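Here's a quick briefing to read alongside the model. Grab a viewer and let's walk through it.

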Amino acid sequence: MRFGGFQPFSLSDYPGHVAAIAFAQGCNFRCPFCHNGDLLAAIPSEKNLYPESEILRTLERRMGQLEGLVMSGGEPTLQEDLPRFLATVKGLGYRVKLDTNGSRPDVLAQLFAQDLVDYVAMDIKAPLAKYNRLSGVAVDTSAIEESIALITWSKLPHHFRTTAVGPLLSDSDMHAIAAMTPKDSELVVQPFDPENALDPALRTEAAIA
Ligand code: SF4
């Protein structure tokens, strides 16, 4: 797989577990509030990719200290060898948490069927009518709805999450997002950090205010 980064230790990214975080390189969204701009290009021209072998070596070394791997990004489900990589990680005895934008329900279904994921965190970026604006691309919103349903039916531990981008999401938008969230699922609202937003217009003082 192509990885743009690796964090060997986190207490806060996998609920209830000490975990490492692997960042998949490449994303099909261009959310204006994204703060991972250097992870978005599928094949970056000026960035060294992080070798998969080093990630696996670290996980082997840290067995007994770490409990899980957070597969984040970028958008991990875009990479064809994600199932192979996660199977290797699971083979080492690790739990896997997948962070996803929900654009590839076909891949989620495959990963769930193969028992390669133990926890899912999916973004709900906006009410469906505003999805294109908040994701920065034309989104097939039926795929987003399908992913929400798949995650709910999977019975896997999960949560949905939304970044409260004040300049782009009104209170009524936030209510609409809450209404899209299945009733037994948690919606985590994350604060918006304007400092490193992908869209420079969101970094201005006016946007911050
Ligand atoms: S915030 Fe948006 S653009 Fe950034 S990695 Fe996540 S889905 Fe991709």
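The shell around the ligand splits into five nonpolar, two polar and two charged residues; here Ala, Val, Leu, Ile, Met, Phe, Trp, Tyr, Cys and Pro count as nonpolar, Asp, Glu, Lys and Arg as charged, and the others, Gly among them, as polar. Keep in mind that this is a predicted model, where local features need pLDDT of at least 70, side-chain atom pairs count only at pLDDT 80 or more, and totals for chains, interfaces and linings use all residues. Residues are numbered from 1 along each chain as its sequence is written, and side-chain values use heavy atoms, with hydrogens and water left out.

**Ligand site**
- Around the ligand you'll find Cys27, Phe29, Arg30, Cys31, Cys34, Leu40, Gly74, Asn101 and Lys125 (a residue counts if one of its heavy atoms lies within 4 Å).

**Helix packing**
- Helix H1 (residues 52-61) packs against helix H2 (residues 82-91) at about 20°, axes 11 Å apart, so the two are roughly parallel (angles under 35 degrees).
- H2 also packs with helix H3 (residues 105-113), at an angle of about 30° and with axes 11 Å apart; H2 and H3 are therefore roughly parallel too.
- Axes here are lines fitted to C-alpha atoms over the stretch in contact, with angles running from 0 to 180 degrees between N-to-C directions.
- Helices (H or I, at least four residues) and strands (E, at least two) are DSSP runs, numbered from the N terminus.

- The Gly73 to Gly74 peptide bond is cis, with omega near 10°, and Gly74 lies in the loop between strand E3 (68-72) and H2.
- Asp115 isn't a glycine, yet has a positive phi of about 60°; Asp115 is in the loop between H3 and strand E5 (119-123).

Definitions and conventions
Parallel < 35°, antiparallel > 145°, perpendicular 65-115°, else oblique.
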